[in-house]
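Have a look at the structure first, then read on.

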Amino acid sequence: MLFTLKYHLFYKMRYLILILFSLTIFQIQSQSSTPKYSNEFLNIGVGARSLGMSNSIIATTNDVHAGYWNPAGLCNLKSDVQIGLMHSEYFAGIAKYDFGAFAKRIDSTSAFALSFVRFGVDNIPNTTELIDAQGNINYDRISYFSAADMALFLSYGKKLNNGVMLGGSVKLVNRQVGDFARAWGFGVDFSASYQHKSWQFAAMARDVTSTFNAWSYNLSDEMLETFVLTGNDIPQNGLEITMPRIILGTAKTFKINDKFKLITELDADFTTDGMRNVLISSNPISIDPHFGLELNFKNLIFLRSGIGNIQKSTGLIGKTVTTVQPNIGLGIQIKGLSIDYALTDIGDASVALYSNVFSLRVNLNPKSRKI
């Protein structure tokens, strides 16, 4: 039975998988020297549901967050219109991470979404002009600026026959450091999902043709002089490239009884920018697996948990140890309103920082269309 299911899945999605992997291999060969972690803010994840499940979500996402995780999942919107909001803070509240999205069904087989992500640090003091021309310290010369990374997604999903769904996103990236530096970027994502009874499968190719960020710098004479005096390199206008990332996911739904349902999902991120500190580290492809589950009580209360971010780190005595990041989450759905909460890195078990994440989802016209 399992062999037949795997063969059926491959047959349904064979052309898309071949295209995605062909494009990825081409990019790896042509840009093997690209630095890691470009646009890494787009890999944090959005929505407290997904973060509570350690981002193991691409096969089961079916709401407004699908525009970010897997656009093919937009086909399964349970209402005509959905709005999603999220806020979290990192580094003791210094950094703010926000997400907002709007999704709407086009017809019974397709939908689109508009999503916005921002990760930024605000009110950073600029002391480059603290000392005036006479050598006096003047605190009135201190100004403030923000360093922020932002992205806008336009996503579309379409349901084909026999449980196959396809989707894609175009994204515009803007990164800025006050008035000193700014970058504009553009990228494309593709995705596919397949559902067979209680099984769900998905493939998500991010930055499939590579995402390009063009940086430009605007430095005053005082700042240039400071760079020279302190021995720092003067930034030059240039191009930053984000290499493709493919995420594969498998999920299964277990119906325990009339009140309880359990969803389990295993995902794996295939990065193509060289060796990373993940479970399977190699060059140029590294693999980062993560697992999540969700217990559903009558579609009203949801308990979630997940394990991810498997890394090797050096302990206090210099011994290398393997760490994992456990996450938990809770969701409540009342009519058209869903409130989700996630606590990441419980007990400070990994090198990652823990964070409290809240998200809100609003369903508008939930019965206006049949799904």
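Let's start with a word you'll need: a residue is buried when its relative accessible area is under 20%, exposed when it is over 50%, and partly exposed in between (1.4 Å probe, protein chains only). By that rule phenylalanine 145, at 18% relative accessibility, counts as buried.

Before going further, note that this is a predicted model, where local features need pLDDT of at least 70, side-chain atom pairs count only at pLDDT 80 or more, and totals for chains, interfaces and linings use all residues. Residues are numbered from 1 along each chain as its sequence is written, and side-chain values use heavy atoms, with hydrogens and water left out.

**Aromatic rings**

Rings of Phe, Tyr and Trp (its six-membered ring) pair if their centres lie within 6.5 Å; planes under 30 degrees apart are called stacked, over 60 edge-to-face, and the rest tilted. Searching the whole structure turns up 11 aromatic pairs. Two of them are in this table:

| Pair | Type | Centre to centre | Angle between planes |
|---|---|---|---|
| Phenylalanine 145 and phenylalanine 180 | edge-to-face | 5.1 Å | 75 degrees |
| Tryptophan 199 and phenylalanine 201 | stacked | 6.0 Å | 10 degrees |

Phenylalanine 180 is buried too, because its relative accessibility is 17%. In the other pair, tryptophan 199 is partly exposed at 25%, while phenylalanine 201 is buried at 10%. Elsewhere, ring pairs tie Tyr68, Trp69 and Phe153 into a cluster.

**Strands side by side**

Strands here are DSSP runs (E, at least two residues), numbered from the N terminus, and two of them pair if DSSP finds at least two bridges between them. Strand E10 (residues 245-255) and strand E11 (residues 260-271) run antiparallel, paired over 11 bridges, with a hairpin of 4 residues joining E10 to E11.

**A loop residue**

Threonine 109 sits in the loop between strand E2 (95-107) and strand E3 (110-126). How exposed is threonine 109? It counts as partly exposed, because its relative accessibility is 24%. Leaving aside residues up to four places away in sequence, threonine 109 touches Cys75, Gly157, Lys158 and Lys159, where contact means heavy atoms within 4.5 Å. The C-alpha atoms of threonine 109 and methionine 165 are separated by 9.1 Å, although these residues are 56 apart along the chain.
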